[in-house]
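Here are a few notes to read alongside the model. Take them in order, with the structure open next to you.

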Amino acid sequence: HNATVAKAEPEDQVDLSRQHAFYGKGGQAGVTTTPQRHVMYMTFDMTSQNPRDLQILLARWSAAIAQMMAGEIIGQVEPVRNSGIGMDTGEALDLGPASLTVTVGLGPGIFTETYGLADKKPALMRELVQLPSDNLQSAFTGGDLSLQACADDPQVAYHAIRNLARIAKDTGAAATRWSVLGFGRASAGKNQSTPRNLFGFKDGTRNLTEPTDFKKFVWINDGGPAWQQQGTYQVVRKIKMHIENWDTDRVSDQNAVFGRHKVSGAPLSGEKEFDTPDFHQKDSEGAPVIPVTSHISLAAHENNQGIRILRRSYNYTDGINKLGMLDAGLLFISYQKDPASFEALQTRLGAADALNEYISHIGSGIFFVPPAPPEGDYIGSQLFS
Ligand SMILES: C=CC1=C(C)c2cc3[nH]c(cc4nc(cc5[nH]c(cc1n2)c(C)c5CCC(=O)O)C(CCC(=O)O)=C4C)c(C)c3C=C
Ligand SMILES: [Fe+2]
(Lines give C-alpha, C1' and ligand atoms only; values in the text may rest on other atoms or scores of the structure.)
(Ligands and ions follow the chains in the order given, each with its own letter.)
Protein backbone atom coordinates (compact mmCIF):
# COMPACT_ATOMS: atom_id res chain seq x y z
CA HIS A 1 0.00 0.00 0.00
CA ASN A 2 2.84 2.38 -0.74
CA ALA A 3 1.32 3.30 -4.09
CA THR A 4 0.33 6.81 -3.06
CA VAL A 5 3.83 7.57 -1.84
CA ALA A 6 5.50 6.21 -4.96
CA LYS A 7 3.50 8.32 -7.41
CA ALA A 8 3.35 11.42 -5.22
CA GLU A 9 2.73 14.73 -6.91
CA PRO A 10 5.34 17.49 -6.38
CA GLU A 11 2.88 19.05 -3.89
CA ASP A 12 3.19 15.90 -1.80
CA GLN A 13 6.96 15.77 -1.71
CA VAL A 14 8.81 17.57 1.01
CA ASP A 15 11.37 20.01 -0.33
CA LEU A 16 12.79 21.88 2.63
CA SER A 17 14.23 24.61 0.41
CA ARG A 18 10.76 25.68 -0.74
CA GLN A 19 9.53 29.06 0.53
CA HIS A 20 6.36 31.14 0.45
CA ALA A 21 6.02 34.90 0.12
CA PHE A 22 4.89 36.87 3.17
CA TYR A 23 4.19 40.18 1.42
CA GLY A 24 1.67 40.46 -1.36
CA LYS A 25 -1.61 41.74 -2.72
CA GLY A 26 -4.04 39.00 -1.68
CA GLY A 27 -4.75 37.14 1.54
CA GLN A 28 -2.12 36.08 4.05
CA ALA A 29 -0.08 32.95 3.40
CA GLY A 30 -1.14 29.85 5.33
CA VAL A 31 -4.82 29.98 4.42
CA THR A 32 -5.17 28.64 0.87
CA THR A 33 -1.49 27.64 0.80
CA THR A 34 -1.00 23.91 0.11
CA PRO A 35 -1.05 22.46 3.65
CA GLN A 36 2.39 21.76 5.10
CA ARG A 37 2.94 18.74 7.32
CA HIS A 38 3.13 20.38 10.74
CA VAL A 39 1.60 23.23 12.69
CA MET A 40 2.47 25.15 15.82
CA TYR A 41 -0.57 27.17 16.80
CA MET A 42 -0.64 29.72 19.62
CA THR A 43 -2.95 32.41 20.91
CA PHE A 44 -2.01 35.44 23.00
CA ASP A 45 -3.69 37.79 25.46
CA MET A 46 -2.92 41.49 25.31
CA THR A 47 -1.08 42.62 28.42
CA SER A 48 -0.93 46.28 27.44
CA GLN A 49 -3.84 48.70 27.10
CA ASN A 50 -1.78 50.96 24.89
CA PRO A 51 -2.64 50.91 21.14
CA ARG A 52 1.01 51.84 20.42
CA ASP A 53 2.18 48.55 21.92
CA LEU A 54 -0.23 46.59 19.71
CA GLN A 55 0.97 48.50 16.68
CA ILE A 56 4.63 47.90 17.50
CA LEU A 57 3.96 44.22 18.10
CA LEU A 58 2.22 43.75 14.73
CA ALA A 59 5.05 45.61 13.01
CA ARG A 60 7.78 43.60 14.71
CA TRP A 61 5.92 40.32 14.18
CA SER A 62 5.48 41.09 10.48
CA ALA A 63 9.17 41.89 9.94
CA ALA A 64 10.24 38.75 11.81
CA ILE A 65 7.74 36.50 9.99
CA ALA A 66 8.95 37.77 6.60
CA GLN A 67 12.54 36.89 7.53
CA MET A 68 11.72 33.47 8.95
CA MET A 69 9.54 32.52 5.96
CA ALA A 70 12.57 33.30 3.79
CA GLY A 71 14.63 30.91 5.91
CA GLU A 72 16.61 33.74 7.48
CA ILE A 73 17.43 34.37 11.12
CA ILE A 74 15.72 37.34 12.77
CA GLY A 75 18.92 38.64 14.35
CA GLN A 76 22.25 37.47 15.65
CA VAL A 77 22.36 33.99 17.13
CA GLU A 78 25.84 34.51 18.53
CA PRO A 79 26.30 38.16 19.39
CA VAL A 80 29.64 39.79 18.65
CA ARG A 81 29.66 41.30 22.12
CA ASN A 82 30.81 38.69 24.59
CA SER A 83 28.04 39.22 27.13
CA GLY A 84 25.32 39.81 24.51
CA ILE A 85 22.01 37.94 24.41
CA GLY A 86 21.10 36.31 21.11
CA MET A 87 18.30 37.85 19.04
CA ASP A 88 17.38 34.67 17.19
CA THR A 89 17.27 31.58 19.39
CA GLY A 90 19.06 29.54 16.70
CA GLU A 91 17.32 26.17 16.60
CA ALA A 92 16.19 26.60 12.99
CA LEU A 93 19.69 27.34 11.66
CA ASP A 94 20.45 25.19 8.60
CA LEU A 95 16.93 23.74 8.42
CA GLY A 96 15.83 25.79 5.39
CA PRO A 97 12.55 27.71 4.95
CA ALA A 98 10.64 24.36 4.95
CA SER A 99 7.60 26.10 3.38
CA LEU A 100 7.01 28.02 6.60
CA THR A 101 3.96 30.26 6.73
CA VAL A 102 2.88 32.25 9.78
CA THR A 103 -0.69 33.52 9.68
CA VAL A 104 -1.67 36.31 12.07
CA GLY A 105 -5.22 36.62 13.44
CA LEU A 106 -6.88 39.40 15.45
CA GLY A 107 -9.41 38.33 18.10
CA PRO A 108 -12.60 40.06 19.26
CA GLY A 109 -10.73 41.80 22.12
CA ILE A 110 -8.65 43.82 19.66
CA PHE A 111 -11.61 45.68 18.15
CA THR A 112 -12.53 47.54 21.33
CA GLU A 113 -12.34 51.04 22.79
CA THR A 114 -9.26 49.98 24.76
CA TYR A 115 -7.24 50.25 21.56
CA GLY A 116 -9.42 52.90 19.94
CA LEU A 117 -10.47 50.25 17.42
CA ALA A 118 -14.16 49.69 18.20
CA ASP A 119 -15.19 51.43 14.99
CA LYS A 120 -12.70 49.39 12.95
CA LYS A 121 -14.34 46.09 13.88
CA PRO A 122 -14.93 43.93 10.78
CA ALA A 123 -18.65 43.63 10.10
CA LEU A 124 -18.97 39.94 11.02
CA MET A 125 -16.46 39.87 13.91
CA ARG A 126 -17.87 38.59 17.20
CA GLU A 127 -17.52 35.76 19.69
CA LEU A 128 -18.88 32.47 18.38
CA VAL A 129 -22.31 31.56 19.70
CA GLN A 130 -22.49 28.68 22.14
CA LEU A 131 -22.86 25.48 20.14
CA PRO A 132 -24.49 22.15 20.98
CA SER A 133 -22.08 19.63 22.59
CA ASP A 134 -19.59 22.40 23.44
CA ASN A 135 -17.34 21.32 26.31
CA LEU A 136 -15.00 24.29 26.15
CA GLN A 137 -12.24 24.76 28.70
CA SER A 138 -10.82 28.22 29.27
CA ALA A 139 -7.29 26.77 29.15
CA PHE A 140 -7.78 26.08 25.41
CA THR A 141 -10.18 28.89 24.50
CA GLY A 142 -10.01 32.47 23.29
CA GLY A 143 -7.17 34.90 22.78
CA ASP A 144 -6.69 38.42 21.46
CA LEU A 145 -4.18 37.35 18.81
CA SER A 146 -3.46 34.08 17.04
CA LEU A 147 -0.42 32.74 15.24
CA GLN A 148 -0.65 29.68 13.00
CA ALA A 149 2.84 28.56 11.97
CA CYS A 150 2.85 25.74 9.41
CA ALA A 151 5.98 24.11 7.99
CA ASP A 152 7.26 20.83 6.63
CA ASP A 153 9.72 20.62 9.53
CA PRO A 154 8.13 20.86 13.02
CA GLN A 155 11.24 22.53 14.42
CA VAL A 156 10.93 25.34 11.89
CA ALA A 157 7.31 25.91 12.95
CA TYR A 158 8.24 25.76 16.63
CA HIS A 159 11.16 28.12 16.19
CA ALA A 160 8.88 30.67 14.52
CA ILE A 161 6.33 30.67 17.33
CA ARG A 162 8.97 30.65 20.03
CA ASN A 163 10.69 33.71 18.61
CA LEU A 164 7.40 35.54 18.02
CA ALA A 165 6.33 34.81 21.60
CA ARG A 166 9.63 36.24 22.71
CA ILE A 167 8.97 39.43 20.76
CA ALA A 168 5.48 39.65 22.32
CA LYS A 169 6.96 39.45 25.79
CA ASP A 170 9.78 41.81 24.89
CA THR A 171 7.42 44.55 23.68
CA GLY A 172 5.27 44.10 26.80
CA ALA A 173 2.26 43.89 24.49
CA ALA A 174 1.02 40.33 24.83
CA ALA A 175 1.46 37.05 26.72
CA THR A 176 0.94 33.45 25.65
CA ARG A 177 -2.51 31.95 26.24
CA TRP A 178 -2.78 28.44 24.75
CA SER A 179 -1.05 26.44 22.09
CA VAL A 180 -1.19 23.19 20.15
CA LEU A 181 1.57 21.40 18.26
CA GLY A 182 -0.02 19.47 15.39
CA PHE A 183 1.22 16.91 12.89
CA GLY A 184 0.09 14.90 9.87
CA ARG A 185 -1.93 17.58 8.10
CA ALA A 186 -5.54 16.37 8.26
CA SER A 187 -6.54 18.27 5.14
CA ALA A 188 -5.57 18.23 1.50
CA GLY A 189 -4.73 20.95 -0.98
CA LYS A 190 -4.84 20.75 -4.77
CA ASN A 191 -2.88 17.77 -6.14
CA GLN A 192 -2.12 16.52 -2.62
CA SER A 193 -3.05 13.00 -1.55
CA THR A 194 -5.63 12.96 1.23
CA PRO A 195 -4.04 12.35 4.65
CA ARG A 196 -5.70 10.52 7.52
CA ASN A 197 -6.88 11.72 10.90
CA LEU A 198 -6.25 9.75 14.12
CA PHE A 199 -9.43 7.72 13.56
CA GLY A 200 -7.74 6.31 10.46
CA PHE A 201 -10.07 7.99 7.95
CA LYS A 202 -9.07 10.13 5.00
CA ASP A 203 -9.76 13.73 5.98
CA GLY A 204 -10.08 16.50 3.42
CA THR A 205 -11.51 14.58 0.45
CA ARG A 206 -14.22 17.16 -0.23
CA ASN A 207 -12.25 20.21 0.91
CA LEU A 208 -12.12 23.43 -1.12
CA THR A 209 -9.14 23.53 -3.50
CA GLU A 210 -10.15 25.78 -6.40
CA PRO A 211 -9.42 29.54 -6.61
CA THR A 212 -13.03 30.14 -7.71
CA ASP A 213 -14.23 28.48 -4.48
CA PHE A 214 -11.72 30.44 -2.39
CA LYS A 215 -13.17 33.60 -3.89
CA LYS A 216 -16.71 32.47 -3.23
CA PHE A 217 -16.33 31.03 0.27
CA VAL A 218 -13.06 32.17 1.88
CA TRP A 219 -11.78 35.64 0.95
CA ILE A 220 -13.79 38.69 1.92
CA ASN A 221 -14.64 40.83 -1.10
CA ASP A 222 -17.78 42.60 0.05
CA GLY A 223 -16.86 46.13 -0.98
CA GLY A 224 -16.45 47.11 2.70
CA PRO A 225 -13.40 48.88 4.18
CA ALA A 226 -10.38 48.45 1.89
CA TRP A 227 -8.10 46.97 4.56
CA GLN A 228 -10.53 44.10 5.18
CA GLN A 229 -10.75 42.97 1.55
CA GLN A 230 -8.95 39.64 1.00
CA GLY A 231 -9.21 39.05 4.71
CA THR A 232 -10.97 36.01 6.17
CA TYR A 233 -12.21 34.61 9.48
CA GLN A 234 -10.25 31.85 11.21
CA VAL A 235 -12.19 29.48 13.46
CA VAL A 236 -10.13 27.08 15.55
CA ARG A 237 -11.45 24.19 17.63
CA LYS A 238 -9.40 21.87 19.79
CA ILE A 239 -11.32 18.60 19.46
CA LYS A 240 -10.37 15.73 21.71
CA MET A 241 -10.85 12.29 20.16
CA HIS A 242 -11.67 9.35 22.41
CA ILE A 243 -9.26 7.01 20.73
CA GLU A 244 -9.59 3.94 22.97
CA ASN A 245 -13.40 3.90 22.54
CA TRP A 246 -13.08 4.32 18.82
CA ASP A 247 -10.56 1.51 18.54
CA THR A 248 -13.00 -1.00 20.07
CA ASP A 249 -15.74 -0.08 17.60
CA ARG A 250 -16.49 -2.34 14.62
CA VAL A 251 -15.13 -0.87 11.39
CA SER A 252 -18.57 -1.22 9.75
CA ASP A 253 -19.90 1.07 12.48
CA GLN A 254 -16.96 3.47 12.04
CA ASN A 255 -17.83 3.64 8.33
CA ALA A 256 -21.42 4.47 9.21
CA VAL A 257 -20.24 7.24 11.57
CA PHE A 258 -18.44 9.07 8.78
CA GLY A 259 -20.55 7.83 5.84
CA ARG A 260 -17.37 6.68 4.09
CA HIS A 261 -15.22 3.57 3.79
CA LYS A 262 -12.18 3.61 6.02
CA VAL A 263 -9.51 2.33 3.62
CA SER A 264 -10.58 3.79 0.26
CA GLY A 265 -12.28 6.92 1.60
CA ALA A 266 -15.16 6.29 -0.83
CA PRO A 267 -18.64 7.42 0.20
CA LEU A 268 -20.82 4.49 1.28
CA SER A 269 -22.90 5.18 -1.84
CA GLY A 270 -19.90 4.81 -4.17
CA GLU A 271 -16.67 2.98 -4.89
CA LYS A 272 -13.87 5.50 -5.23
CA GLU A 273 -12.66 8.26 -2.94
CA PHE A 274 -13.76 11.13 -5.15
CA ASP A 275 -17.15 9.70 -6.14
CA THR A 276 -19.81 12.26 -5.30
CA PRO A 277 -21.81 11.05 -2.28
CA ASP A 278 -25.40 10.15 -3.16
CA PHE A 279 -27.41 11.07 -0.08
CA HIS A 280 -30.63 9.77 -1.70
CA GLN A 281 -29.40 6.22 -2.37
CA LYS A 282 -31.41 3.66 -0.35
CA ASP A 283 -30.56 0.12 0.76
CA SER A 284 -32.88 -2.91 0.32
CA GLU A 285 -34.80 -1.90 3.44
CA GLY A 286 -35.33 1.64 2.22
CA ALA A 287 -32.82 3.24 4.62
CA PRO A 288 -30.31 5.80 3.28
CA VAL A 289 -26.99 4.08 2.41
CA ILE A 290 -25.22 7.12 3.87
CA PRO A 291 -26.91 7.41 7.29
CA VAL A 292 -28.58 10.77 7.98
CA THR A 293 -26.65 11.07 11.24
CA SER A 294 -23.30 10.37 9.54
CA HIS A 295 -20.71 13.13 9.67
CA ILE A 296 -20.66 13.76 5.91
CA SER A 297 -24.43 13.75 5.55
CA LEU A 298 -24.74 16.47 8.19
CA ALA A 299 -21.77 18.51 6.94
CA ALA A 300 -22.17 18.32 3.16
CA HIS A 301 -23.06 21.50 1.28
CA GLU A 302 -25.87 19.62 -0.51
CA ASN A 303 -27.66 19.40 2.84
CA ASN A 304 -26.68 22.88 4.14
CA GLN A 305 -27.99 25.43 1.63
CA GLY A 306 -24.68 25.33 -0.22
CA ILE A 307 -22.53 26.37 2.76
CA ARG A 308 -18.86 25.45 2.35
CA ILE A 309 -15.76 26.18 4.45
CA LEU A 310 -12.03 25.67 3.92
CA ARG A 311 -10.66 23.14 6.43
CA ARG A 312 -6.98 23.22 7.39
CA SER A 313 -6.76 20.88 10.36
CA TYR A 314 -3.93 18.94 12.00
CA ASN A 315 -3.75 15.94 14.32
CA TYR A 316 -2.36 16.67 17.78
CA THR A 317 -1.35 14.79 20.89
CA ASP A 318 -0.94 15.98 24.45
CA GLY A 319 0.52 12.63 25.52
CA ILE A 320 -1.54 10.62 28.00
CA ASN A 321 -4.03 11.68 30.66
CA LYS A 322 -4.08 10.83 34.39
CA LEU A 323 -5.76 7.51 33.62
CA GLY A 324 -3.06 6.56 31.14
CA MET A 325 -5.39 7.06 28.18
CA LEU A 326 -4.23 8.66 24.95
CA ASP A 327 -4.87 12.39 25.03
CA ALA A 328 -5.10 13.33 21.38
CA GLY A 329 -7.39 14.74 18.74
CA LEU A 330 -7.83 17.18 15.93
CA LEU A 331 -6.82 20.81 15.87
CA PHE A 332 -9.66 21.81 13.57
CA ILE A 333 -8.99 25.08 11.75
CA SER A 334 -11.37 26.51 9.20
CA TYR A 335 -11.38 29.65 7.10
CA GLN A 336 -14.54 31.29 5.81
CA LYS A 337 -15.71 34.75 4.82
CA ASP A 338 -18.51 34.54 7.38
CA PRO A 339 -18.10 32.80 10.77
CA ALA A 340 -21.84 32.01 10.65
CA SER A 341 -20.98 29.34 8.05
CA PHE A 342 -18.97 27.42 10.65
CA GLU A 343 -21.72 27.93 13.23
CA ALA A 344 -24.41 26.64 10.89
CA LEU A 345 -22.48 23.41 10.25
CA GLN A 346 -21.43 22.88 13.86
CA THR A 347 -25.00 23.55 15.06
CA ARG A 348 -26.13 20.54 13.04
CA LEU A 349 -23.07 18.40 13.79
CA GLY A 350 -23.10 19.21 17.52
CA ALA A 351 -26.75 18.19 17.77
CA ALA A 352 -26.87 15.00 15.72
CA ASP A 353 -23.47 13.79 14.46
CA ALA A 354 -22.84 10.07 15.12
CA LEU A 355 -19.23 11.15 15.64
CA ASN A 356 -20.16 13.01 18.85
CA GLU A 357 -19.94 9.77 20.83
CA TYR A 358 -16.20 9.77 20.11
CA ILE A 359 -15.19 13.45 20.22
CA SER A 360 -15.37 16.48 22.49
CA HIS A 361 -14.87 20.13 21.53
CA ILE A 362 -12.61 21.35 24.34
CA GLY A 363 -11.13 24.53 22.88
CA SER A 364 -12.23 27.36 20.60
CA GLY A 365 -11.17 30.64 19.07
CA ILE A 366 -12.21 33.12 16.41
CA PHE A 367 -9.91 35.57 14.66
CA PHE A 368 -10.05 38.03 11.81
CA VAL A 369 -7.15 37.40 9.42
CA PRO A 370 -6.26 40.65 7.67
CA PRO A 371 -4.86 40.54 4.12
CA ALA A 372 -1.10 40.22 3.51
CA PRO A 373 0.76 43.52 3.77
CA PRO A 374 2.49 44.99 0.73
CA GLU A 375 6.31 44.97 0.81
CA GLY A 376 7.61 47.28 3.54
CA ASP A 377 4.30 47.43 5.40
CA TYR A 378 2.98 45.27 8.25
CA ILE A 379 -0.16 43.28 9.05
CA GLY A 380 -3.02 45.47 10.24
CA SER A 381 -1.17 48.77 9.68
CA GLN A 382 -4.32 50.36 8.32
CA LEU A 383 -6.00 49.93 11.69
CA PHE A 384 -3.83 52.71 13.04
CA SER A 385 -4.25 55.35 10.33
C1 LIG B 1 -18.17 22.44 11.76
C2 LIG B 1 -17.35 21.89 10.89
C3 LIG B 1 -16.66 20.59 11.09
C4 LIG B 1 -16.10 20.02 12.23
C5 LIG B 1 -16.04 20.63 13.61
C6 LIG B 1 -15.55 18.77 11.85
C7 LIG B 1 -14.90 17.87 12.71
C8 LIG B 1 -14.31 16.66 12.34
N9 LIG B 1 -14.29 16.09 11.10
C10 LIG B 1 -13.63 14.89 11.13
C11 LIG B 1 -13.43 14.02 10.04
C12 LIG B 1 -13.97 14.14 8.75
N13 LIG B 1 -14.66 15.22 8.26
C14 LIG B 1 -15.05 14.98 6.97
C15 LIG B 1 -15.78 15.83 6.14
C16 LIG B 1 -16.25 17.10 6.49
N17 LIG B 1 -16.20 17.70 7.72
C18 LIG B 1 -16.75 18.95 7.66
C19 LIG B 1 -16.90 19.85 8.71
C20 LIG B 1 -16.46 19.66 10.02
N21 LIG B 1 -15.80 18.58 10.52
C22 LIG B 1 -17.17 19.15 6.32
C23 LIG B 1 -17.81 20.43 5.78
C24 LIG B 1 -16.87 18.01 5.59
C25 LIG B 1 -17.15 17.74 4.12
C26 LIG B 1 -18.50 17.10 3.99
C27 LIG B 1 -18.83 16.80 2.55
O28 LIG B 1 -18.99 17.75 1.76
O29 LIG B 1 -18.93 15.63 2.17
C30 LIG B 1 -14.55 13.69 6.58
C31 LIG B 1 -14.76 13.00 5.23
C32 LIG B 1 -13.72 13.34 4.21
C33 LIG B 1 -13.73 14.77 3.73
O34 LIG B 1 -14.49 15.16 2.86
O35 LIG B 1 -12.93 15.53 4.29
C36 LIG B 1 -13.86 13.17 7.68
C37 LIG B 1 -13.15 11.83 7.78
C38 LIG B 1 -13.20 14.69 12.46
C39 LIG B 1 -12.41 13.47 12.92
C40 LIG B 1 -13.62 15.77 13.20
C41 LIG B 1 -13.42 16.08 14.63
C42 LIG B 1 -12.53 15.51 15.40
FE1 LIG C 1 -15.34 16.84 9.45
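1. The shell around ligand 1 is made up of 16 nonpolar, 8 polar and 5 charged residues. For these classes, Ala, Val, Leu, Ile, Met, Phe, Trp, Tyr, Cys and Pro are nonpolar, Asp, Glu, Lys and Arg are charged, and the others, Gly among them, are polar. Keep in mind that this is a predicted model: local features need pLDDT of at least 70, side-chain atom pairs count only at pLDDT 80 or more, and totals for chains, interfaces and linings use all residues. Residues are numbered from 1 along each chain as its sequence is written, while chains are lettered from A and ligands numbered from 1 in the order in which they are written.

2. Who sits around the ligand? In total, 29 residues surround ligand 1, and the closest are Thr205, Arg206, Ala299, Ala300 and Leu330. A residue counts as near if its C-beta atom, placed from the backbone, lies within 6 Å of the molecule.

3. Which element gives the largest share of that shell? That's H8, with 4 residues. At least two residues each come from strand E5 (232-241), helix H7 (295-299), strand E8 (326-336) and helix H8 (339-352). Helices (H or I, at least four residues) and strands (E, at least two) are DSSP runs, numbered from the N terminus.

4. Now for a helix pair: the axes of H2 (residues 51-69) and H3 (residues 154-171) come within 10 Å and cross at roughly 155°. Axes are lines fitted to C-alpha atoms, for helices over the stretch in contact, with angles from 0 to 180 degrees between N-to-C directions. H2 and H3 are therefore roughly antiparallel, a label used for angles over 145 degrees.

5. Residues 28-183 are 24% helix and 21% strand, and residues 194-372 are 22% helix and 23% strand.

Notes. Angles under 35 degrees count as roughly parallel, over 145 as roughly antiparallel, 65 to 115 as roughly perpendicular and the rest as oblique.
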